[in-house]
Amino acid sequence: MIPEFNYVRAQSLTEAQQQLSTDGARVCAGGSDLLGCLRDEVFDCSKVVSVTGLDELRGITRSRDGGVNIGALTTIAELAANSTVQELYPGLAQAAAEVASPQLRNQGTIGGNICQKPRCWYYRGEFECLRKGGDTCYAMAGENQYHCILGGYRCYIVHPSDTAPALLALNASVQIAGPRGERVVPIEDFHVAPRDDVQRETVLEDNEIVVAISIPQPASGLRSSYRKVRARGSWDFALAGVALALAFDADRVTGGRVVLSGAAPIPWRSREVENTIIGQRIDATLAREAADAAMSEAAALKNNGYKIPLFKGVIEEQLLAIASA
Amino acid sequence: MAHDRRDHDEKAADTSGISRRGFISRVGAGAAVVAVASKASAESAKPTETMQATELSRITLTVNGQQRQVLVEPRWTLSHVLREELGLTGTKVGCERGECGACTVLIDGKPRYSCMTLAVEAQDADIVTVEGLMDGEDLGPTQEAFVEKDAFQCGYCTSGQILAVEGMLGDNPNPSLDEIRIGVSGNLCRCGAYVHIFQAAQRAAELKQGVGGES
């Protein structure tokens, strides 16, 4: 049984923020990650503040600049099936379709998906680990086959989201509502690396809520894709994934971003790959060179060394695929 | 342990007006939904806005087309309330962490894990459990297809599988085999009856479109 909590169904965004301003309050949108964390007693929660009644946070609309605005309560299933998203940002639609299972895609929201808590089994289990305020990362010397190979620092989680890497590749921004009004944070600055704060995953304050995600109009010649490799075909978190959003002029890459999932504690932008391919035509030699560059800084733990050749293979495969798309 | 279980059943019987054993026999006869129907007033349909942790609050759930009033704690999941308060034990609880799919129900037509959904969060939704797929005394087409294709062994995952298929067919009446595999990908079958489950999903699609007879 889940530990006891008070429950408030917010009637407005302002009320939600007020309710979240008390200690121990947690926001509930789809609730799939929240309920898992409460059941595993990952954190204390004395009050659940439901925002599911706030219909103004739902839906996908075209923005004036030609991009899209995605309400935070839009479900992952709605995102995956949206024809505008499929047309303008196929990489994001693919990433959404790869999230979890049909049931969880019907429940989980895009706002919640980018704010997920890590899936590290020590963090979720009965360990007072560094991220939960303890003094030890149990994964460092423990079972770490699903942990990070890049960006680890005292804590070796991987970020669990599939949509966040695709959104970062597409240069999306996160609209956040708080007591001092709205602010907009590029998703590149939204997630917090353990080097900066080992107990935070995002820049959100306790009484702030993600209200929407906006993606700019695709650049001319933009192609996007998402590839996810997992241990179990039916559904699982990424062992290794790559989100691409690359602009092409004929067959030459003119710009864009390459982001890895399952690699690091945050969605991991690989500037090594970007620097290798921008201005170039992608062929087999360049794809391999870029894949090697992506892993040049990678450091394996005891059990996750397999991820390095896996990432190299996936990056090489995806670069060649998008070049011939 | 067995004794505790029986006590709990009797307690559940007090609140739902029906015992577990009596309920199961009625499910067999296909009359369960009618048997446990309760009166609900229209003004109670507005979702409860605040609830205290330690108190029971009255909420209204729409289950299988009927409004049902229940007293719940905010932390109670939909699967718990369906089984223990409403006696709808066709919904199974397996992992209770959103991984196995045994607890799948339809919420506004979409398959969802009822173990990962708070009952209070389901107040203004249409909830369908496996009991709600009955056509009077007869099995509904998806249930019928699972029987016809022998799509289970122990049967524990079956009601979740059936609702996953029912929800998929609501969106996509003619799924390909790959679409079926994705449609039931959130439901584990530890007996490994997957091939028959895929066949049952194809058969359910046919039955829903009025294709009768042996296939």
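This is a predicted model: local features need pLDDT of at least 70, side-chain atom pairs count only at pLDDT 80 or more; totals for chains, interfaces and linings use all residues.
Residues are numbered from 1 along each chain as its sequence is written, and chains are lettered from A, with ligands numbered from 1, in the order in which they are written. Local features need pLDDT of at least 70 and side-chain atom pairs count only at pLDDT 80 or more, while totals for chains, interfaces and linings use all residues; side-chain values use heavy atoms, with hydrogens and water left out.

**Stop 1: chain B**

Select chain B and colour it by secondary structure. You will find 8 helices and 6 strands; helices are DSSP runs of H or I with at least four residues, strands are runs of E with at least two, and both are numbered from the N terminus. Following the sequence, their order is α-α-α-β-β-β-α-β-β-β-α-α-α-α. Chain B has 215 residues, and 50% of them count as buried (under 20% relative accessible area; exposed is over 50%, and partly exposed in between, with a 1.4 Å probe and protein chains only).

**Stop 2: A:Lys117**

Now select A:Lys117, in the loop between α7 (110-114) and α8 (121-124) of chain A. Is A:Lys117 buried or exposed? It counts as buried because its relative accessibility is 17%. Its contacts (heavy atoms within 4.5 Å), leaving aside neighbours within four places in sequence, include A:Arg26, A:Asp33, A:Tyr123 and A:Glu201.

**Stop 3: a pair of strands**

Next, select residues 173-178 and 181-186 of chain A, which are strands β6 and β7. They pair in the antiparallel sense over 6 bridges; pairing requires that DSSP finds at least two bridges between the strands. A hairpin of 2 residues joins β6(A) to β7(A). Zoom in on A:Gly178: its bridge partner in β7(A) is A:Gly181.

**Stop 4: a nonpolar patch**

Show A:Trp121, A:Tyr146 and A:Tyr306 together. These residues make a nonpolar surface patch of about 290 Å². A:Tyr146 sits in the loop between α9 (138-141) and α10 (163-169) of chain A. A:Tyr146 counts as partly exposed because its relative accessibility is 40%.

**Stop 5: two domains**

Finally, colour residues 1-50 of chain A as domain 1 and residues 222-323 as domain 2; these bounds come from an automatic or database domain assignment. How many Å separate the centres of the two domains, taken over C-alpha atoms? The separation is 36 Å.

Key. Patches are made of residues with over 30% relative accessible area and no salt bridge: like charges are joined within 9 Å, nonpolar side chains (Val, Leu, Ile, Met, Phe, Trp, Tyr) within 5 Å. Accessible areas come from the Shrake-Rupley method with a 1.4 Å probe; for residues, only the protein chains shown count as cover. A salt bridge is a side-chain nitrogen of Lys or Arg within 4 Å of a carboxyl oxygen of Asp or Glu.
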